[in-house]
Amino acid sequence: MIRRLLVANRGEIALRIIRACRELGIETVAVYSEADRRAPHVAAADRAVGIGPAAAAESYLSIPRILDAARASGADALHPGYGFLAENPAFAAACEQAGVIFVGPPSQVLAQMGSKIGARRLMQTAGVPVVPGETPEDQSDDELRRAVDRVGLPAVVKASAGGGGKGMRLVRRAEEIADAIQAARREAVAAFGDGTLYVERLVERPRHVEVQVFADGHGQVVHLFERECSVQRRHQKIIEESPSPALTPALREQMTGAAVQAARAAGYRNAGTIEFLIEGTGNDARFYFLEMNTRLQVEHPVTEQVTGVDLVRAQLVVASGEPLPWPQSALTQRGHAIEARIYAEDPSHGFMPQAGRLLLYREPRLPGVRIDSGVVEGGDVSIYYDPMIAKVIATGETRESATARLIAALRDYPILGIRTNVPLLLRILEHSRFQAGDIDTGFLDGEGAALAEALDIETPPWVRAALAADDEPSHQPPATSHQSLDAWDPWRQLRDWRG
Amino acid sequence: MSSPFSVTRIADGTYRVETDRQSETVYVAGPPANRWAFWNGHVFRDTRAAEAAAAHAARPRTAVVQSLTAPMPATVIKVLVAPGATVKKGDTVIILEAMKMELPIRAPADATVMAVHCREGELVQPDAPLIELT
């Protein structure tokens, strides 16, 4: 078993990994940039190593600095989390060469599946359906333009190394092609260090449904059912749930089967996700392989809640060389789980990322509600990293009860000092299309775009009253409240009693 | 100043606001110039600060030169215009990047570029003028 694990990440996922290690008795080593010196993940780990300046390129994305930290701290394993270097084959290879267990698939699998082009080819040969498209060998603007012409409009220009909607541009009209290629390539180089692009036909009004797979080093491959992730803004997932309201049992059977087939074809090991697009509804629906995510997903808690397993723990067990803790027959989907991602962003002003101090931050405690977060009251949300600050996962017996719990949690989750997308999340969860389970990936950028507008309501009088009370310099309750103060303050009651 | 509400501070930044028929929990934080409140999933900025800002914004502009500023700390990844260039309303003049996202800065009206005050690769602070238009 792994003895000491370096967590090559920050924020909520670093904390999630540290907690799983603690349960297994594995020592943890955190790494941090100068901006994260006082971050919660640093305090939570058994030890912590500084790895450089705030800019991710010089810290969390620096392979030499992270490997130096692993060597210096005597770590025998490394968990990459998601984002940063999680799907970087050179990083996994460097770990393998340094004798450090990389908690994830082998580097050659990362290389093959990390190239969207390579992954598509592999899936085609494995008999998994893919969206029509092509990748020019010649990556010049002219050749990419011709590829768009051949695939036909509307089309999507995507970074081969991409994910999370970065390095991806939609082209509806011919005159948009040149800008789309430039922007996609620029973002791809900035985010992934690789500007290779490919072109795909746009599937109109698709749903995004992905299947969690898990493979060990002993030939066992299982799936842990699906996650519905169609609530997206510009290809960034916002709300995820399991089961998907779009799947019939027959479709679920086909898709999970295809996902296991895909993982086998890839020679996969550890936790992975096969993303599919679904076109159409009911048993007539068709599904296409979109990409494989060769890492733990942001939305993994949704699967944990409905299957009752600990995916991070299983990752550590499998990375240690042990067999998967569960056979397929032991895995079931029970109840319903929905996750909402809280982002530091202002939906009413173009979703501008927000940075600043969390003046007040209180997580709700409610039955059936799990919060995975990486921030604390008084902490700073910086401009340097992803603006996601927390995930709220609600579980219930039915989709309705899980939704109701999630709404209750978000209404009881004060975050002050920076704007967040919570008001937008509430509007989506209360929208009739969401409640009917009828959302496609274009909803928030189209019909639902107006949900992001005019989110502020007029300040109600009771809020004004609280603001006025807070003006009192001593922070003592104001005189007007003596009636209820007596009920709340035992010292006052005691004084009255003595007097 | 009579108020129908009785307000009790029940924890740091947490107030119970009650009438005979109603009880609400309101969270308040921040200094007077940057005060925030939360109630039932809604966030409120102290309106007095907002009113002051609105009054500031409504002051007549005496200069015809307009500067465009960064909305938040960001890195300049592309400067698309040079002094003397003419731009149309909506044209992207500068592309910033923050939190891994591109933020295009667009011309608010047809104008001529008077000066460019930033370079590609530079980290810029909010409210620092990036470019001047006339």
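Reader: Is the crossing of H1(A) and H11(A) left-handed or right-handed?
Author: The crossing of H1(A) and H11(A) is right-handed. A crossing is called left-handed if the near helix is turned anticlockwise from the far one by less than a right angle, and right-handed if clockwise. Before we go on, please keep in mind that this is a predicted model, where local features need pLDDT of at least 70, side-chain atom pairs count only at pLDDT 80 or more, and totals for chains, interfaces and linings use all residues. Residues are numbered from 1 along each chain as its sequence is written, and chains are lettered from A and ligands numbered from 1 in the order in which they are written.

Reader: Thanks! And what do labels like H and E stand for?
Author: Helices (H or I, at least four residues) and strands (E, at least two) are DSSP runs, numbered from the N terminus.

Reader: At what angle do the axes of H1(A) and H11(A) cross?
Author: Roughly 65°, and the axes of H1 (residues 11-24) and H11 (residues 311-319) of chain A come within 9 Å. Axes are lines fitted to C-alpha atoms, for helices over the stretch in contact, and angles run from 0 to 180 degrees between N-to-C directions.

Reader: Which residues meet there?
Author: From H1(A) come A:Arg16, A:Ile17, A:Ala20, A:Cys21, A:Glu23 and A:Leu24, and they meet A:Val312, A:Arg313 and A:Leu316 of H11(A). Two residues are in contact if their C-beta atoms, placed from the backbone, lie within 7 Å. By class, this contact of H1(A) with H11(A) has 6 nonpolar, no polar and 3 charged residues. Here Ala, Val, Leu, Ile, Met, Phe, Trp, Tyr, Cys and Pro count as nonpolar, Asp, Glu, Lys and Arg as charged, and the others, Gly among them, as polar.

Reader: Now H4(A) and H5(A): how do their axes cross?
Author: The axes of H4(A) (residues 89-97) and H5(A) (residues 107-114) come within 8 Å and cross at roughly 175°. That makes H4(A) roughly antiparallel to H5(A). For such angles, under 35 degrees counts as roughly parallel, over 145 as roughly antiparallel, 65 to 115 as roughly perpendicular and the rest as oblique.

Reader: Who meets whom between H4(A) and H5(A), and what classes are they?
Author: A:Pro89, A:Ala92, A:Ala93 and A:Glu96 in H4(A) meet A:Ser107, A:Leu110, A:Ala111 and A:Gly114 in H5(A). The residues of that contact divide into 5 nonpolar, 2 polar and 1 charged.

Reader: Switching topic: how many residues of H10(A) are buried?
Author: Helix H10 (residues 300-307) of chain A is mostly covered, with 8 of its 8 residues buried. A residue is buried if 20 or more other C-beta atoms lie within 10 Å of its own, exposed if 12 or fewer, and partly exposed in between, with C-beta atoms placed from the backbone. After H10(A) comes A:Gly308, whose phi is positive, near 75°.

Reader: Which other residues have a positive phi, and where do they lie?
Author: A:Asn270 has a positive phi near 80°, in a residue other than glycine, and lies in strand E13 (residues 270-279) of chain A. A:Asn270 counts as buried because it has 25 C-beta neighbours inside 10 Å. A:Phe351, also not a glycine, has a positive phi near 60° and sits in the loop between strand E16 (345-346) and E17 of chain A. With 18 C-beta neighbours inside 10 Å, A:Phe351 counts as partly exposed.

Reader: Where are the cis peptide bonds?
Author: One runs from A:Leu153 to A:Pro154, with omega near -5°, and A:Pro154 lies in the loop between helix H7 (141-151) and strand E7 (155-163) of chain A. Another joins A:Ser242 and A:Pro243, with omega about -5°. A:Pro243 is in the loop between strand E12 (236-242) and helix H9 (249-265) of chain A.

Reader: Last one: is A:Ala402 buried or exposed?
Author: A:Ala402 counts as buried, with 26 C-beta neighbours inside 10 Å, and its place is in helix H12 of chain A. Leaving aside neighbours within four places in sequence, A:Ala402 is in contact with A:His336, A:Ala337, A:Ile338, A:Ala394, A:Thr395 and A:Gly396.
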